Amino acid sequence: MIPEHLLPHTVQRIRPATSTNAYGDEELTYTVPPASSKDMRAWVQQERPQEIITDGRHGDVREWTLIVNDSDVMSKDRIVFGGLVFEVDGPP
């Protein structure tokens with residue numbers, strides 16, 4: 001367990017609601033409600049920005065690290081921090 005004073009940021013975890021569309025495919029909805037949200041204390045840090053140039057396109061890829069004491073973060077969740085919205089990529 002990380003002491004609270006070492007987690008200086010507050011983030012919002014958004015857990016999507018699921019539904020089935022007319023084609024039988026699962027759809028995720030991130031609008032609250034029906035999605036759920038939870039505020040958490042965290043450490044958020046940008047790791048390594050990359051600029052990708054392919055076929056005349058310029059794209060930015062940015063990786064961030066999120067550290068929380070709460071184990072309730074899953075791979076389809078979104079994290080809102082400082083006006084930015086992140087998708088959880090990979091296992092917690």
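Modeller: Lysine 38 and aspartate 70 meet through their side chains in a salt bridge, with 2.5 Å from N to O. Because lysine 38 belongs to strand β4 and aspartate 70 to the loop between β5 and β6, this pair ties together parts 32 residues apart in sequence. Lysine 38 is partly exposed, with a relative accessible area of 31%, and aspartate 70 is likewise partly exposed, at 25%. The model is a predicted one, and it holds eight salt bridges.

Another of these bridges joins the side chains of aspartate 77 and arginine 15, at 2.7 Å from N to O. The pair links distant parts of the chain, since aspartate 77 is in the loop between β5 and β6 while arginine 15 is in strand β1 (residues 9-15), 62 residues apart. Aspartate 77 has a relative accessibility of 1% and therefore counts as buried; arginine 15, at 18%, also counts as buried, the cut-off being under 20%. Beyond its neighbours up to four places away in sequence, aspartate 77 touches residues including Arg13, Asp72, Phe86 and Glu87. Salt bridges that share partners join Arg13, Arg15, Asp72 and Asp77 into one network.

A further salt bridge connects the side chains of arginine 78 and glutamate 87, at 3.4 Å from N to O. Arginine 78 is partly exposed, with a relative accessible area of 25%, whereas glutamate 87 is exposed, at 59%. Arginine 78 also lies over the face of tyrosine 30, 3.6 Å from the ring centre.

As for rings, the structure holds one aromatic pair. It is formed by tryptophan 64 and phenylalanine 86, tilted at 55° between the planes and 5.0 Å centre to centre. Tryptophan 64 lies in strand β5 and phenylalanine 86 in strand β7 (residues 84-87), so the pair ties together parts 22 residues apart in sequence. Tryptophan 64 counts as partly exposed, at 30% relative accessibility.

Phenylalanine 86 is also one of the 10 residues of the largest nonpolar core, which includes Met40, Val68, Ile79 and Phe81. Strands β4 (36-54) and β6 each supply at least two residues of this core, and β4 gives the largest share, three residues. Isoleucine 79, leaving aside its neighbours within four places in sequence, is in contact with residues among them Val11, Leu66, Leu84 and Phe86.

Key: Residues numbered from 1 in each chain as written. Predicted model: local features only at pLDDT ≥ 70, side-chain atom pairs only at ≥ 80, totals over all residues. Heavy atoms only, no water. Buried < 20%, exposed > 50% of the residue type's maximum accessible area, 1.4 Å probe, protein only. Contact = heavy atoms within 4.5 Å. Phe/Tyr/Trp six-rings, centres within 6.5 Å; stacked < 30°, edge-to-face > 60°. Helix = DSSP H or I, 4+ residues; strand = E, 2+ residues; numbered from the N terminus. Lys NZ or Arg CZ within 6 Å of the ring centre and 35° of its normal. Core = buried A, V, L, I, M, F, W, Y, C linked by side-chain atoms within 4.5 Å. Salt bridge = Lys/Arg side-chain N within 4 Å of Asp/Glu carboxyl O.
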